[in-house]
Amino acid sequence: MSDPWLPSSPDFWRSPVRGPWFTSVLGLVLLVGITVLFVTGLLSYAAYNPNLAAVNDKTPDKGLLGFYLFSWPTDPPWLYRLTQGVHVTLGITLIPVLLAKLWSVVPKLFALPPARSLTHALERISLLLLVGGALFEFVTGVLNVQLDYLFPGSFYPLHFYGAWVFFAAFVTHAVLRVPLALRNLREMRGRGEMHGWGEVRGSGASQGAGGVDSLVSPRPAAPTVSRRGALGLVGGGSLLLFGTTFGRGFDGPLRRTAVLAPHGGPEPGDGPGGFQINKTAAYAGIKERETRDDAWRLVVVGRTGTVRLSRADLSELPFHSAALPIACVEGWSTSDQEWRGVRLRDLAALVGHDAPTDVLVESLQRHGAFRRAALRANQVGDGRSLLALRVNGADLTPDHGYPARIIVPAAPGVLNTKWVARMTFGEL
C-alpha cells in the first residue's frame, strides 16, 4: 500500500470535486480558447512583417516556423485592433480556467510508475510540456501586458518559440485525451450523475490507474461545494477578469474599468492629443532641441537621391486625412483618431518611386527595439498611410510623435513610428 502522505498516493488527493466530468468540461473550454489564442498570436506575429527586413524580424532563426507568413493587409483598418484585443483579453480571461484545469489533473503529474507503455509515456511527456508551456506562455503574456519585463531576453522570441512548444504539446495531448473527454461527458449525461457527487463507477475500473477516473479520490473528503458550484466559481473568476480587462480597447470611461491593465501608459489628459500612448517622449529620450522647427529635418532617400524637408516644406505638399485607430501588442487600442499629413506614396514619388515600394523608417529615438521599422509596399501604397503632422485638428504633441509620425491602417502600434527622422524608400 502506498504512503498516503506522499503525492504519488491516490489517498493524498482527497477533494471530491476532481473527476472526469469536471476535468473534461475545463479541457474542452481550453481546447477552443487556446486554439483561438494560438491563431490570433500567429496573426500578430505576421502583422510585424518579420520577413520584410531584419529590423522587423525578432526571431531570425525561426526557419520553418515562419511558413505561414504573408503581407499583412491594410483592410479592414481595425484588423489588428480586433485580433490582438481578442488575443490578450481572452488570454487573461482563461487564466482561472487554466489554473482550475491544472489543479484538477495535478494527481496525474505524480502518478507512479512514470510510464506503463509507449502511449502512456508520450502522454506524460506531452503533459509535462503542456503544463510548463502553459505557465510560461501565460506568465510572460501577462507580464508583457503589464509592461513588466522581468524575464531574461526579449519577449518576442521567448513568447514565439514558447508558443510553438506549448501548442505542439497541446495538440498531442488533445489527440490523446479529447475522445475520452467527450465520452465521459456523454456517459455522465446519459446516466444523470453529473448533478451529484458520484462518478461513473464502471469506467474507473476499465480505465485503470492512469485513466481520467484515477482523479477520483478513493477516500474523498466531505464536500464543501458541488462540481457545478466549482465550475461557477471558475466562470465567475473569468468573468471578473474579462470585466476588468476588455475596456482597454475603448476610450473614455470604459477604459477606466480595465483596472488590471496599464491602459498603454499614463493617462494623456484631455484635448486633441488626449488618447492613449505607450512611450512618452521623455522615456524615448527625445530632446526638445531636436524637434524645434529650425533644427528638425526629415531626410527622404530613394531612387533619385535624397531630399531634406522641414515641417514647413511638408506643409506645402498635398495634405490628406485618415481616421485610424492605434492598436498595441499589449492589447490596448484607441478609437479612430483623425490624422492629417502627407501620404507615404507621395513622399516615395518625391524620390523617384512612382509605384509603391517598401520603406525603412528611422526615429529620433536612439534606444529600443522599434526605433527603426520597415513597411511593405502595400502599406506604403494605401492612400490612408500618412506621415502625420496633425491629429484631431491640432499639431501632434511630443508624446504622440511631434514633429512627425507614421500612421498606417491595421498595423501594430510599434510600426507607426514616432519622431520620424529618416525614410528610405526601395525594395528591402
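Tutor: The model is predicted: local features require pLDDT of at least 70, side-chain atom pairs count only at pLDDT 80 or more, and totals for chains, interfaces and linings use all residues. Residues are numbered from 1 along each chain as its sequence is written, and side-chain values use heavy atoms, with hydrogens and water left out.

Student: Which residue of β7 stands opposite R340?

Tutor: Strands here are DSSP runs of E with at least two residues, and helices are runs of H or I with at least four, numbered from the N terminus. Two strands pair if DSSP finds at least two bridges between them. The residue in β7 opposite R340 is R390.

Student: How many residues of strand β7 are buried?

Tutor: Buried means under 20% relative accessible area, with a 1.4 Å probe and protein chains only. Strand β7 spans residues 386-391 and is mostly covered. Of its six residues, the number buried is five.

Student: Which residue takes a positive phi in the hairpin of β7 and β8?

Tutor: β7 and strand β8 (residues 394-395) pair in the antiparallel sense over two bridges, with V391 opposite A394. Two residues lie between the strands of this hairpin. The residue with a positive phi, near 55 degrees, is N392.

Student: Which element gives the most to the lining of the largest cavity?

Tutor: On a 1 Å grid over the protein atoms alone, a cavity is a set of points where a 1.4 Å probe fits but cannot get out, and lining residues have an atom within 4 Å of a point. The largest cavity has a volume of about 630 Å³, and among its 31 lining residues those closest to its centre are G41, H87, E137, F155 and H159. The elements that give two or more residues to this lining are α1 (20-47), α2 (79-93), α4 (118-145) and α5 (155-191). With eight residues, the element that gives the most is α5.

Student: What is the volume of the largest pocket?

Tutor: A pocket is an open set of points with protein on both sides within 12 Å along at least five of seven lines. Grid points are joined across faces, edges and corners, and a volume is the space filled by probe spheres set on the points. For the largest pocket, the volume is about 850 Å³.

Methods:
Buried means under 20% relative accessible area, exposed over 50%, partly exposed in between (1.4 Å probe, protein chains only).
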